[in-house]
Amino acid sequence: MHQNDGVSFTSSSSLKIPLPSSLLSPSQTLASQLAGTRHLAFQLIDSLRIRSNYVYVKDHSTPSCTVSAQSVLGSASNVTTSPLFCSASLSFASEKHGTGRSPSPLLNSASLSLTQQDSTELTHDGHLATAGRVKEERVLVSEVLIRNKDGEELERKELEMEALTALKACGANSALTTREVQEDVDRIIDSGYFSSCTPVAVDSRDDIKLVFQVEPNQDFHALVCEGANVLPSKFLEDAFRDRHGKVINLKRLDEVISSINGWYMDRGLFGLVSGVDIVPGGIIRLKVSEAEVNDISVRFLDRKTVEPTKGKTKPDTILRQLTTKKGQVYSMLQGKRDVDTVSAMGLGNVSILPQPAGDGKVDLIMNVVERPTGRFSAGAGISSGITSDPLSGLFGSFAYSERNFHGKNQKLNVSLEKGQIDSTFRINYTDPWIEGNDRRTSRTITVQNSRTSGTLVHGSQQDNSSLSIGRVTAGVEFSRPLRPKWSGTAGLFFQRAGARDEKGNPIIKDFYGSPLTASGKPYDNMLLAKLESIYTGSGNKGSSMLAVNMEQGLPVMPDWLYFNRVNARVSKGVKLGPARLLLRLSGGHVVGNFPPHEAFAIGGTNSVRGYKEGAVGSGRSHVVGTSEVSLKLLGPVQGVIFADYGHDLWSGPNVPGNPAGARNKRGSGYGYGIGVRIDSPFGLLRLEYAFNDRFSKRLHFALGQPK
């Protein structure tokens with residue numbers, strides 16, 4: 001946004017719409033104060049169209065602010081005022097309102113009092129009172145004219161037409177009442193082209209003429225806008241571009257001011273037009289008030305008493321998450337995003353309270369009600385890699401987590417998962433924003449010891465024995481946003497991996513004599529450099545997702561593995577009326593010396609349904625496509641129809657030992673079926689029944705979203 005420089009303009013005589021001396025009241029919140037100020041600003045602009053406080057008088061002996069019709073036109077020997085109009089007078093509203101604000105000269109309004117006097121008396125406060133009944137009569141007018149304040153024809157005929165067009169009751173050969181004349185005076189002022197209108201009745205020997213003496217507004221020649229720091233200059237230029245050299249129309253000015261206030265409101269910004277001046281020379285001066293952020297502070301509240309208390313979290317840890325900064329115009333939308341960001345930290349309930357700080361500024365107080373951040377948990381689940389006997393995939397888990405380590409929102413997790421086949425022990429430490437870094441970079445340190453089933457690639461052995469893959473991993477990775485909707489991750493990990501038999505003894509070959517390690521030793525050592533970039537779209541059901549991952553084995557030591565592996569996956573959701581179509585595509589390729597158990601396994605619950613895990617193929621390359629149509633059935637229950645296809649791109653024989661060929665895996669296959677999904681407290685429960693292209697059928701059960 002371009003910043004508008006404040007421009008000073010001095011004039012000894014300007015038409016000004018005064019506003020309250022202070023925008024903010026100490027007894028109100030900033031939101032209500034600005035809302036009230038906005039209401040006052042609109043009320044002042046509306047008063048350009050609606051002139052209230054008309055003063056009706058019965059005698060032309062009123063103070064000097066009341067001008068009689070005779071004094072306007074002067075005395076002429078052949079022209080006299082009608083007896084009915086002898087008490088006609090023009091009053092300019094100059095009394096103070098109950099709010100303490102007096103109208104601007106720009107708000108001058110004309111009122112015509114047509115009364116028949118019975119008798120009058122002077123009240124104790126100096127006003128005239130009628131002792132008898134006031135009776136409204138009609139006067140026949142032969143002609144209606146539009147003239148300037150000197151009684152001459154207007155130079156601009158288009159303005160005369162504007163005034164004539166505004167008339168509704170007054171016309172040639174019409175019988176008029178005071179009220180009807182006054183209403184047409186209002187309509188002329190309401191047109192927005194005139195700053196004053198005086199109705200004058202001219203009575204000649206033959207007829208009565210009604211003359212509306214109007215004073216057009218100045219021609220617009222320049223605009224001065226003060227205090228608008230975030231309002232784009234082009235917005236103002238476009239609003240006034242086609243008005244240069246034309247008469248200032250107050251209705252149009254009202255619309256422009258409304259559009260300026262709407263611009264601030266649409267963006268949740270605390271700003272509005274707080275003053276308008278029309279100075280000689282046709283210069284419009286707008287005063288814009290924007291509430292700048294003066295200070296931001298954090299206040300911790302007790303969970304039970306809601307009284308201020310001492311918090312565990314360091315205030316700087318919260319303040320650094322905010323995009324709202326001191327000196328900028330406060331935005332409610334930006335404030336809401338900041339609240340969401342701090343809430344996502346998991347510290348507790350968060351809210352922002354704006355408070356007036358004087359001089360049109362605002363202080364922001366972020367209230368935080370902390371919740372306990374450390375907890376123990378235990379649970380159970382089923383491994384998605386076990387489908388031949390789901391009960392054998394049962395595992396139990398135990399974990400301890402601390403979500404606000406050292407009061408800096410750092411996360412520490414220690415977890416253990418143990419099953420009949422799979423087991424994982426993991427220590428994970430995450431600093432979501434490294435101190436001193438201005439790019440919101442996070443750091444995660446991981447130490448893990450795991451054992452997983454080797455059936456994905458090597459299947460079951462002919463002697464009904466099984467093997468597992470053990471991995472010890474330790475490393476660090478860094479992540480940060482790259483640009484809107486994009487994030488990046490880079491890491492370095494050491495891993496030692498090898499196969500074991502049912503008794504836990506290291507083995508280097510399977511039942512078919514195929515190697516289980518790349519080095520020929522019981523364990524393969526590798527140092528992996530990892531790079532990943534993820535696009536997450538908008539996050540709703542119709543959004544897209546793209547992830548690209550690369551791992552590079554670094555041969556730091558002579559016997560360490562050297563290979564490169566690339567993975568990519570993309571998904572797109574499309575709404576089809578009440579249903580939703582989801583398309584997914586994933587693929588990958590690996591080159592170099594890598595262990596066979598790291599080959600791409602195709603088939604299973606998160607690949608090609610209708611097959612056992614890894615039963616379609618195991619290759620150096622792979623591609624898997626999925627299409628699903630889901631429909632809500634009842635409450636949290638969804639129905640789904642799906643179809644999957646996978647292929648190893650004829651790379652199975654290139655895997656060391658060709659484990660796919662030894663087990664007669666075809667390398668390609670498809671499956672289709674139906675399923676039910678339930679949103680539960682444990683996550684998404686998936687129960688799917690699938691058929692494959694080999695006329696086999698299989699029931700799949702899993703927890704969580706499809707990968």
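**Close-up views of a predicted model**

**View 1. Strand 14 and strand 17 run parallel to each other and are joined by 8 bridges.** The structure shown here and in the views that follow is a predicted model. Within this pairing, Ile296 faces Leu364, a residue of strand 17. Strand 14 covers residues 292-301, and strand 17 covers residues 361-370. Both belong to an open sheet of 4 strands, in which the order is 15-14-17-16 and the pairing is mixed. The edges of the sheet are formed by strand 15 (308-309) and strand 16 (348-358), each of which pairs on one side only. Helix 8, residues 332-343, packs on this sheet and touches strand 16 and strand 17. The direction of helix 8 makes about 145 degrees with that of strand 16.

**View 2. Strand 14 and strand 15 form a hairpin.** The two strands pair in the antiparallel sense, over 2 bridges. Phe300 has Thr309 of strand 15 as its bridge partner, and Leu301 stands opposite Pro308, also in strand 15. Between the two strands lie 6 residues. Val306, located in the turn, has a positive phi of about 60 degrees. For comparison, most residues other than glycine have a negative phi.

**View 3. Helix 5 packs against helix 6 at an angle of about 160 degrees.** Helix 5 comprises residues 233-240 and helix 6 comprises residues 250-266; their axes are 11 Å apart. An angle over 145 degrees counts as roughly antiparallel, and the two helices are therefore described in that way. Their crossing is right-handed. On the side of helix 5, the contact involves Phe235, Leu236, Ala239 and Phe240. These residues meet Arg252, Leu253, Val256, Ser259, Ile260 and Trp263 of helix 6. By residue class, the contact consists of 8 nonpolar residues, 1 polar residue and 1 charged residue.

**View 4. Ser401 is a buried residue of strand 19.** Its relative accessible area is 11%, and the residue counts as buried because this value is under 20%. Leaving aside residues up to four places away in sequence, Ser401 touches Thr373, Gly374, Arg375, Leu412 and Asn413. Strand 19 spans residues 394-405, and a loop connects it to strand 20, residues 410-419.

**View 5. Asn409 has a positive phi in the loop between strand 19 and strand 20.** The phi of Asn409 is about 65 degrees, although the residue is not a glycine. Asn409 counts as buried, at 2% relative accessibility.

**View 6. Phe695 has a positive phi in the loop between strand 35 and strand 36.** The phi of Phe695 is near 60 degrees. Phe695 is exposed, with a relative accessible area of 82%; the residue falls in this class because the value is over 50%.

**View 7. Asp203 is a buried residue of strand 9.** Strand 9 comprises residues 194-203. The relative accessible area of Asp203 is 13%. Asp203 and Val141 are 62 residues apart along the chain, and their C-alpha atoms are separated by 9.4 Å.

Technical notes. Residues are numbered from 1 along each chain as its sequence is written. This is a predicted model: local features need pLDDT of at least 70, side-chain atom pairs count only at pLDDT 80 or more; totals for chains, interfaces and linings use all residues. Side-chain values use heavy atoms; hydrogens and water are left out. Buried means under 20% relative accessible area, exposed over 50%, partly exposed in between (1.4 Å probe, protein chains only). Axes are lines fitted to C-alpha atoms, for helices over the stretch in contact, and angles run from 0 to 180 degrees between N-to-C directions. Angles under 35 degrees count as roughly parallel, over 145 as roughly antiparallel, 65 to 115 as roughly perpendicular and the rest as oblique. A crossing is left-handed if the near helix is turned anticlockwise from the far one by less than a right angle, and right-handed if clockwise. Contact means heavy atoms within 4.5 Å. Ala, Val, Leu, Ile, Met, Phe, Trp, Tyr, Cys and Pro count as nonpolar, Asp, Glu, Lys and Arg as charged, and the others, Gly among them, as polar. Two strands pair if DSSP finds at least two bridges between them.
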